[in-house]
Amino acid sequence: MDALAYQRATDIDAALAAAQQPGAAFIGGGTNLLDLMKGGIAHPLTLIDITHIAALERIETLPDGGLRIGALARNSDAANHALVRTRYPLLAQALLAGASPQLRNMATVGGNLMQRTRCGYFYDTAFAQCNKRTPGSGCAARDGVNRMHAILGASAQCVAVNPSDMSVALAALDAIVQVRGPNGARAISIAQFHRLPGERPDLDTTLARGELITSVDLPPPAFADHAHYLKLRDRASYAFALVSVAAALQLDGQRVRAVRIALGGVAHKPWRASVAEQRLTGQPIDTATLRAAAAAELAQAQPLKGNAFKIELAQRAIVRAVMQAAGQAPHASGDLA
Ligand code: SF4
């Protein structure tokens, strides 16, 4: 058993000071960290409990009309907040698609951003090969059971996917992650917050050691009227995505004025579908146009032995999510997921 110290911080400065200790880790809801500790994957020496920092729980409008969601806002509170539901329905839908009601009541927005991959080899220490857990050891998933793994942006070192639904919606909404650390405050775009694995799959994010997420800021709402989060998974609830799509539109009649599409379950980070977005901008909403845009996005996919099905699934999911965001029921033909 590892020796473990516990400290409670009641303001941000105290939390940052405590985090300077070797082996310190912040704990909020603990819904992922405690699993990692019990599994022998995470070994913090001191847990800094930040759940009593009231300033980090607030959800409030910003002067520019955007929304600030405190890092300690519970996932269920954020999903059910009136401003989130009415102005950022894409985010509300994504939050409610994640985990179970009990977990959403406990998990925080900041913790959701930090949750680690659910690759089975990462969690099972009986497997020696996992570059994310033990850098340089190899990747058991590459030639193992990889049905759930990445088809986009992976590396020879790691083919894991990010498990968060919330982060996929945040990627589509161009959220900003506000952090504070020993060197002050900084803002990180959601596109820069999570990493592709490259040569350092042990690093999930660009957060520096000792930095604390204080809030997630959303720009003024521009996509509330046409947004849809589609999650495809092996069972109807409490399962991670095989593929998910966050789609948001601005329309001129039935033509796309602006579009945001992000994919989950396909890469080490939420995957912004910028190729498909460019193909769709200015175009009519119809199945053929959407399929062509989705195919262009997935042309860069590199499947593994067990997950080639995700390429077609992701294309169909993009078509369906955008159609539903546009208020058009997907066609009844078999060409949609
Ligand atoms: Fe580890 Fe990544 Fe390979 Fe999974 S995919 S075994 S997390 S290195």
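This is a predicted model: local features need pLDDT of at least 70, side-chain atom pairs count only at pLDDT 80 or more; totals for chains, interfaces and linings use all residues.
Ala 262 is found in strand β11 (residues 255–264), where helices (H or I, at least four residues) and strands (E, at least two) are DSSP runs numbered from the N terminus. At 0% relative accessibility, Ala 262 counts as buried; buried means under 20% relative accessible area, exposed over 50%, and partly exposed in between (1.4 Å probe, protein chains only).

Residues are numbered from 1 along each chain as its sequence is written, and side-chain values use heavy atoms, with hydrogens and water left out.

- Strand β3 covers residues 46–49 and is covered on both faces.
- Strand β1 (residues 5–8) pairs with β3 in the parallel sense over four bridges; two strands pair if DSSP finds at least two bridges between them.
- Within this pairing, Asp 49 of β3 has Arg 8 opposite.
- Strand β2 (residues 24–27) also pairs with β3 in the parallel sense, over four bridges.
- Ile 48 of β3 has Phe 26 opposite.
- A right-handed β-α-β unit is made by β2, helix α2 (residues 33–38) and β3; a crossover is right-handed if, with the strands pointing away from the viewer, the path from the first strand over the helix to the second runs clockwise.

**Strand β8 and its partners**

- Strand β8 (residues 212–218) is mostly covered, with seven of its seven residues buried.
- Strand β5 (residues 67–70) pairs with β8 in the antiparallel sense over four bridges.
- Ser 215 in β8 has Gly 70 opposite.
- Strand β6 (residues 176–181) pairs with β8 in the antiparallel sense over five bridges.
- Ile 213 in β8 has Val 179 opposite.
- Gly 66 is placed in the loop between β4 (59–61) and β5.
- Gly 66 is buried because its relative accessible area is 0%.
- Between the C-alpha atoms of Gly 66 and Asp 225 the distance is 16 Å, and the two residues are 159 apart in sequence.

**Ligand site**

- The ligand sits in the largest cavity.
- A cavity is, on a 1 Å grid over the protein atoms alone, a set of points where a 1.4 Å probe fits but cannot get out, and a molecule sits in one if more than half of its atoms lie within 2 Å of its grid points.
- There are 14 residues around the ligand, of which Cys 119, Cys 130, Cys 139, Cys 158 and Val 159 come nearest; a residue is near a molecule if one of its heavy atoms lies within 4 Å of it.
- The shell around the ligand has ten nonpolar, three polar and one charged residues; Ala, Val, Leu, Ile, Met, Phe, Trp, Tyr, Cys and Pro count as nonpolar, Asp, Glu, Lys and Arg as charged, and the others, Gly among them, as polar.

- Helix α5 is mostly covered, as seven of its nine residues are buried.
- The buried residues in α5 are Pro 89, Leu 90, Leu 91, Ala 92, Ala 94, Leu 95 and Ala 97.
- Ala 15 has its place in helix α1 (residues 12–18).
- Ala 15 is buried because its relative accessible area is 0%.
- The C-alpha atoms of Ala 15 and Tyr 121 are separated by 33 Å, and the residues are 106 apart along the chain.

- Most residues other than glycine have a negative phi.
- Just after α5, Ala 99 takes a positive phi of about 55°.
- Ala 99 lies in the loop between α5 (89–97) and α6 (101–106).
- With a relative accessible area of 33%, Ala 99 is partly exposed.
- Tyr 238 is not a glycine, yet has a positive phi of about 50°.
- The loop between β9 (227–232) and β10 (243–252) holds Tyr 238.
- Tyr 238 counts as partly exposed because its relative accessibility is 46%.

Conventions
On a 1 Å grid over the protein atoms alone, a cavity is a set of points where a 1.4 Å probe fits but cannot get out, and a pocket is an open set with protein on both sides within 12 Å along at least five of seven lines; lining residues have an atom within 4 Å of a point.
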